[in-house]
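Let us walk through this model from the overall fold to single residues. Keep the coordinates open as you read.

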Amino acid sequence: MNITVTVNGSARTSEVEPRMLLVHYIREVLGLRGAHVGCDTTSCGVCTVLLDGLPVKSCTMFAVQADGRSIMTVEGMATNGQLHPVQAAFHSEHGLQCGFCTPGMMLVAKAFLEENPAPSEEEIRWAISGNLCRCTGYQNIVKAVQAAARNMSEVSK
Amino acid sequence: MFPSQFTYHAPATLGEALALLAEHGDDAKVLAGGQSLIPLMKLRFAAPPIIVDINRIPGLDTIAEEGGSLRVGALVRNRAIERSDVITSRYPTMAAAAPMISDPVVRNQGTFVGSLCHADPQGDWGSVMLALDGSVVARSVAGERVIPIGEFLDGPFTSTLRADELAVEARVPDPGSEFAGTYLKLERKVGDFATVGVAVFLATSGGTVTKAGIGLTGVGATNIKATAAEQALVGGTVSDALIEEAARLAAEAADPRTDIRGSADYKRDVVRVYVARGLRAAAATPVA
Ligand SMILES: Cc1cc2nc3c(=O)[nH]c(=O)nc-3n(C[C@H](O)[C@H](O)[C@H](O)COP(=O)(O)OP(=O)(O)OC[C@H]3O[C@@H](n4cnc5c(N)ncnc54)[C@H](O)[C@@H]3O)c2cc1C
Ligand code: FES
Ligand code: FES
């Protein structure tokens, strides 16, 4: 099937088999390796991308379902070489160790902060509860999301 | 993991979808949120030759009160239920269950109606619907029928929906003007299926229970409606003794199996404790 997907702002047209999962389309057809494959069973969230702005687990969706829609991967977060505030906060707060969960975590954090710009710590913990991290113990991820929330509200003032 | 090959249809109208289901019958599977079907296809537990993706059909994402019931369309995501004002204010059992289903990313995709159609005995919405006396509206090229949830859920992963039918919406009766409810779930971690889940609903009039609903998750081959416990409550005033009696009857209605989540005896006792806790919480927070 021929599909056209807007990926990180530009339209991409490809021929895919209906059974191709979105994550394989992103990684293998588009060559964007920031979406990872971990559990492959809809549990870990390392494959998370934004579909029309909302997080989805791309190992649990077919690429054909994204036809005509818009996707953001971690590669699309920075603009003009400038890190997104969420990325900058993960950097400054050491919100990652191995980095495997990080693209999914940051995309979830971005969508979450757009909906809830001033969250409590508990709200942050629930928001990232679909994404597993085996390294950090979540402490610094939560701090990074808090820092990003502060920086984003500074910017919008 | 790759599913086996299939032919993909993404009908743009309900009529087209029903025609495809009529034509292909058992060979076709409806794809809604895909959060149960796609994992099964990846594991090759399911290998439908034809997929009918309903996500492009307009008008199926309505949450609205109309004609004495709440209508939840086939494409209403769990995310939307969590954020719905009408559900938060008028359907407390649903409002309590929504944030406990899977995890926030899976809730962005998974649908309420899809969960009912999947008929997982460990699914939370089946119990909520049993407690609220809900129903499922099934449509085919031959017409429409309204199936009470107790008749809809037929066994583990089996509903009474025919292969040519699409569940277009679920309906939940108006709760009245004095009501309360909640959903309690014991899970090992976020996103896990219930070890035990308990849905409760009470409608009252001047302190007397006029309607009671209790649904149990994860303790039988389907979600279970604790009918004897409900009957014990109706006509009474909520007291500690009545709550204990209803909780005991609900635990008797449970038919749990010992598995990795706990022993049968343990789960039955959790039913008793959670039904009592749920009824107490409901009695303490009536909406009037
Ligand atoms: C990690 C994870 C954790 C989960 N945890 C929970 C949990 O705690 N509690 C819980 O209740 N659920 C849980 N689920 C299941 C989740 O809520 C599913 O999304 C839901 O059960 C199925 O809804 P869906 O829209 O994704 O359906 P799909 O996967 O699209 O479909 C499921 C089945 O129903 C059929 N179907 C769907 N819609 C219709 C329709 N309108 N008409 C006819 N047939 C239809 C499909 O053909 C298929 O057989 C979990 C899922 C995952 C991946
Ligand atoms: S790889 Fe998709 S959820 Fe783990
Ligand atoms: S940083 Fe290693 S998994 Fe999260």
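Buried means under 20% relative accessible area, exposed over 50%, and partly exposed in between, with a 1.4 Å probe and protein chains only. This is a predicted model, where local features need pLDDT of at least 70, side-chain atom pairs count only at pLDDT 80 or more, and totals for chains, interfaces and linings use all residues. Residues are numbered from 1 along each chain as its sequence is written, chains are lettered from A and ligands numbered from 1 in the order written, and side-chain values use heavy atoms, without hydrogens and water.

Start with chain B. Chain B holds 12 helices and 14 strands; these are DSSP runs numbered from the N terminus, helices being H or I of at least four residues and strands E of at least two. The radius of gyration of chain B is 19 Å, close to the 19 Å from the globule rule for 288 residues, so chain B is as compact as a globular protein of that length. That radius is taken over C-alpha atoms, and the rule is 2.2 Å times the number of residues to the power 0.38. The C-alpha trace of chain B spans about 60 × 45 × 30 Å along its principal axes. Of the 288 residues in chain B, 55% are buried.

Next comes the interface. Chain B gives 27 residues to the contact and chain A gives 31. Contact means heavy atoms within 4.5 Å. Together the chains bury about 2500 Å², with 60% of it on carbon and sulfur atoms. On the chain B side, F2(B), Y8(B) and V105(B) lose the most area to chain A, together 22% of what that side buries. Buried area is the accessible area (1.4 Å probe) that two parts lose on being put together, summed over both.

Now look at chain A. Helix α1 of chain A covers residues 22-29, and its buried residues are L22(A), V23(A), H24(A), Y25(A) and I26(A). They pack against β1 (2-7), β2 (10-15), β3 (48-51) and β5 (70-72) of chain A. Just after α1(A), G31(A) has a positive phi of about 75°.

Return to chain B for its backbone. Most residues other than glycine have a negative phi. A119(B) has a positive phi, near 55°. A119(B) sits in the loop between α7 (112-118) and α8 (124-132) of chain B. At 4% relative accessibility, A119(B) counts as buried. F157(B), also not a glycine, has a positive phi of about 60°. Its loop lies between β8 (153-155) and β9 (158-159) of chain B. Is F157(B) buried, exposed or partly exposed? With a relative accessible area of 49%, F157(B) is partly exposed.
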